[in-house]
Amino acid sequence: MLIDAHAHLDLEDYADDRAETIERARQTGVERILNVGVDPPRWNSSLELARRYPGYMYLALGLHPTDILRAGNPDAALERLGNIVTENPGLVVALGETGLDYYHEDVPPDIQKIYFEKQIDLAARLNLPLVIHCRDAMPDLLAILKQKAAGRKIMMHCFTGTPAEAAECIALGEDVFISMAGPVTFAKAFERHEVARTVPLDRMLVETDCPFLTPHPFRGRRNEPARVRLVAEKIAELKGVTYEEVAEQTGRNVRRLFGIV
Ligand SMILES: [Zn+2]
């Protein structure tokens with residue numbers, strides 16, 4: 001079952017053709033989509049959208065590390081997030097994306113760490129898996145995960161670390177998954193190719209992160225869930241297995257991680 005484990009279909013990029021985009025995903029064989037709402041206004045638009053696609057679209061909601069200060073009072077926002085999760089059982093299946101992003105300098109690292117840890121705690125209280133975003137911050141992120149989230153259910157979204165860091169993540173527990181996105185299809189992404197080869201298929205997910213990270217040969221254009229197939233095909237090529245095996249196993253992983261049918 002091919003599943004796009006990370007999409008942002010609520011964004012304005014799809015204002016003109018959102019329904020057609022989702023229909024194209026279905027026709028390409030994408031059988032589930034996890035849409036990710038990154039700040040309070042996006043939580044609302046994500047909820048609205050997902051309610052139109054019951055059993056097809058599921059949600060992760062959280063405060064993205066670069067959006068923390070856009071949330072008004074982030075503590076009040078997280079309290080509201082707790083209520084949204086309780087009011088929407090089976091629809092909001094994960095907390096995130098949360099994590100650390102030292103590439104974008106909008107939010108100081110210390111504040112990012114505080115709200116990353118608060119969201120790890122909130123996810124524990126709500127019994128939800130974590131969707132983790134990490135950019136240029138892997139040592140700090142791994143330290144926090146080891147200290148606070150060992151044994152937890154975790155998706156490492158659009159993994160950008162080294163093969164050794166992927167192994168460290170996997171060692172955190174049997175429910176940690178490394179998610180591969182469009183950049184693995186780029187010819188010169190040697191380190192990502194190595195991650196795709198070394199991470200076992202039963203610990204791997206595929207995603208688009210659309211509208212971002214468009215895979216080859218559509219690089220530079222808007223991304224969409226139908227193109228998660230290109231990511232799965234590249235993984236198959238790198239691992240020397242069939243596309244069907246990749247789709248089947250990564251789909252099983254998504255359903256196990258997020259508890260969706
Ligand atoms: Zn994302």
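The stops that follow go from the sheet to one of its strand pairs, then to the helices.

The model is predicted. Begin by selecting the strands: 8 of them form an open sheet, ordered β1-β2-β3-β4-β5-β6-β7-β8, with parallel pairing. Colour β1 (2–7) and β8 (204–206) separately; these are the edge strands, and each pairs on one side only. When the view is turned to follow the sheet, the twist from one strand to the next averages 25 degrees.

**A strand pair.** Next, select residues 57–61, strand β3, together with residues 92–101, strand β4; the two pair in the parallel sense over 3 bridges. Display Leu59, which stands opposite Val92 in β4.

**A helix pair.** Now select residues 190–198 for helix α7 and residues 228–239 for helix α8. At what angle do α7 and α8 pack? The angle is about 75 degrees, and the axes lie 9 Å apart. Angles of 65 to 115 degrees count as roughly perpendicular, and α7 and α8 are therefore roughly perpendicular to each other.

**The contact residues.** Finally, show the side chains of His193, Ala196, Arg197 and Thr198 in α7, which meet Lys234, Ile235, Leu238 and Lys239 in α8. Coloured by class, this contact of α7 with α8 comprises 3 nonpolar, 2 polar and 3 charged residues.

Conventions. Residues are numbered from 1 along each chain as its sequence is written. This is a predicted model: local features need pLDDT of at least 70, side-chain atom pairs count only at pLDDT 80 or more; totals for chains, interfaces and linings use all residues. Side-chain values use heavy atoms; hydrogens and water are left out. Two strands pair if DSSP finds at least two bridges between them. Helices (H or I, at least four residues) and strands (E, at least two) are DSSP runs, numbered from the N terminus. Axes are lines fitted to C-alpha atoms, for helices over the stretch in contact, and angles run from 0 to 180 degrees between N-to-C directions. Angles under 35 degrees count as roughly parallel, over 145 as roughly antiparallel, 65 to 115 as roughly perpendicular and the rest as oblique. Contact means heavy atoms within 4.5 Å. Ala, Val, Leu, Ile, Met, Phe, Trp, Tyr, Cys and Pro count as nonpolar, Asp, Glu, Lys and Arg as charged, and the others, Gly among them, as polar.
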